[in-house]
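The sequence and model are shown first.

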Amino acid sequence: MADTRISTNNLDSFWMPFTANRQFKQEPRLLVSAKDMYYTTSDGRKVLDGTAGLWCVNAGHGRPKIVEAIARQAGELDYAPAFQMGHPKAFELASRLVSLLPSPMDHVFFTNSGSEAVETALKIALAYHRVKGNGSKFRLIGRERGYHGVNFGGISVGGIVTNRKMFGTLLTGVDHIRHTHDLARNAFTRGEPEYGEELADDLERVVLLHDPSTVAAVIVEPVAGSTGVLIPPKGYLQKLRAICDKHDILLIFDEVITGFGRLGTPFATDYFGVMPDMITTAKGISNGTVPMGAVFVQSKIHDAFMTGPEHLIEFFHGYTYSAHPLACAAALATLDTYAEEGLLTAGAMDKDEPGDGKGLGTYWQTALHTLRGMPHVIDVRNIGLVGAIELAPMPGEPTKRAFTAFLKAYEKGVLIRTTGDIIALSPPLMLQEHHIDEIVATLAMVLKDLP
Ligand SMILES: Cc1ncc(COP(=O)(O)O)c(C=O)c1O
């Protein structure tokens with residue numbers, strides 16, 4: 001007898017991630033295809049992608065070169081063991097990736113997601129101090145409102161209460177510094193906020209509390225994405241770097257969102273002129289097509305492991321699918337597409353004539369800030385091709401106002417993302433001025449109608 005549970009219209013079996021499952025299944029939102037800047041829904045509507053999927057489809061959807069590369073690779077080499085064996089595209093990709101950053105950021109460890117990149121970086125940090133003979137450096141420091149994926153290391157250093165409170169004691173030896181979001185002083189800032197550099201001193205406080213000899217690493221997102229686009233105050237990241245240098249603490253930038261052009265520079269490290277010791281990436285590395293993550297590692301860290309007998313494994317860590325051939329093929333074609341179309345700098349501020357189509361950052365900024373003064377809007381902020389519109393919460397019902405905005409925007413044909421009462425925008429970097437106009441006009445209509 002046929003199993004009655006198996007049906008394309010049965011939405012019950014799939015327990016959806018980070019989703020209000022019961023709400024979704026009453027009114028499903030299904031995307032069935034995508035091309036360039038637009039999704040098509042199951043009821044045949046076009047929806048402008050205001051979020052590059054989940055901050056990952058930086059080159060836009062269905063890009064021919066990437067699609068062809070994946071198809072070709074599947075036929076040529078579907079899989080090669082990742083341990084004690086290799087395949088050429090993994091090495092080619094690693095070289096291409098490190099060439100995007102200045103030396104000595106010269107090595108890459110591959111993972112399959114941002115969460116795994118974070119776990120990998122945290123483990124490298126701990127092991128690095130140990131191989132250097134500093135095994136007492138075991139503490140990890142994160143920041144309030146930081147998001148570093150969902151694995152145990154990531155939620156431990158992460159600073160989101162809902163992602164932590166259900167899961168017991170988490171990693172021990174972790175502490176957090178204060179977040180930098182300060183609307184009282186910085187609301188409606190364009191680019192980097194003026195006030196708050198001194199918040200970096202909180203790192204010194206936490207390090208001294210535990211004693212620097214116990215602290216291995218600090219991890220921060222240069223711009224916190226998932227908790228609502230929190231842009232660092234001017235001078236803040238430079239100060240974190242100086243404090244880490246002073247105490248021999250590794251600085252990890254989690255660039256899973258900011259990597260690959262999101263700020264109008266290849267990486268956030270370029271934007272802010274601050275070089276961390278490691279960079280975690282994922283998402284835009286393969287344009288969201290085949291899961292992939294990577295940790296960039298400075299030579300001093302990599303080289304510290306390359307000691308001892310040569311037949312021995314130097315670092316006991318890795319994934320079956322590290323540098324998967326399909327992901328490597330996708331990432332190589334993604335890098336080609338970024339380079340050919342200048343996408344890694346497409347979101348730069350326009351230094352020539354605003355509106356001439358070069359450096360969309362200025363156009364994006366001006367358009368977003370027209371939403372200032374709309375009902376419930378308590379902040380508009382932007383950097384590169386990222387933006388946020390923060391709404392006053394409904395009394396007693398936090399998150400509901402922004403979630404309503406999300407549903408209404410989707411009905412009106414624009415996909416946005418909300419977190420708390422913040423609307424976050426991060427469109428594919430291939431967008432043009434008329435797409436920006438469409439996003440902003442739709443949001444204006446949505447905001448006028450919100451409860
Ligand atoms: C900064 C940051 N780190 C890590 C992650 C986790 O990445 P993934 O969902 O690929 O595990 C994300 C995802 O949004 C992120 O924004």
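## Ligand shell

Among the 14 residues around the ligand, those that come nearest are Ser113, Gly114, Ser115, Gly149 and Val256 (near: C-beta atom, placed from the backbone, within 6 Å of the molecule). Helix H5 (residues 114–131) gives the largest share of this shell, three residues; helices are DSSP runs (H or I, at least four residues) and strands likewise (E, at least two), numbered from the N terminus. The shell has five nonpolar, seven polar and two charged residues (nonpolar: Ala, Val, Leu, Ile, Met, Phe, Trp, Tyr, Cys and Pro; charged: Asp, Glu, Lys and Arg; polar: the others, Gly among them).

## Basis of the model

The model is predicted: local features need pLDDT of at least 70, side-chain atom pairs count only at pLDDT 80 or more, and totals for chains, interfaces and linings use all residues. Residues are numbered from 1 along each chain as its sequence is written.

## Helix H4

In helix H4 (residues 88–98), Lys89, Ala90, Leu93 and Leu97 are buried (20 or more other C-beta atoms within 10 Å of the residue's own; exposed, 12 or fewer; partly exposed, in between; C-beta atoms placed from the backbone). Seen down the axis of H4, the buried residues fall within an arc of 105°, so they line one face of the helix (the arc is that of the directions from the helix axis to the C-beta atoms). Pro88 and Ser95, on the other side of H4, are exposed.

## Domains

An automatic or database assignment divides the protein chain into domain 1 (21–62 + 345–449) and domain 2 (67–341). Their centres, taken over C-alpha atoms, are separated by 26 Å.
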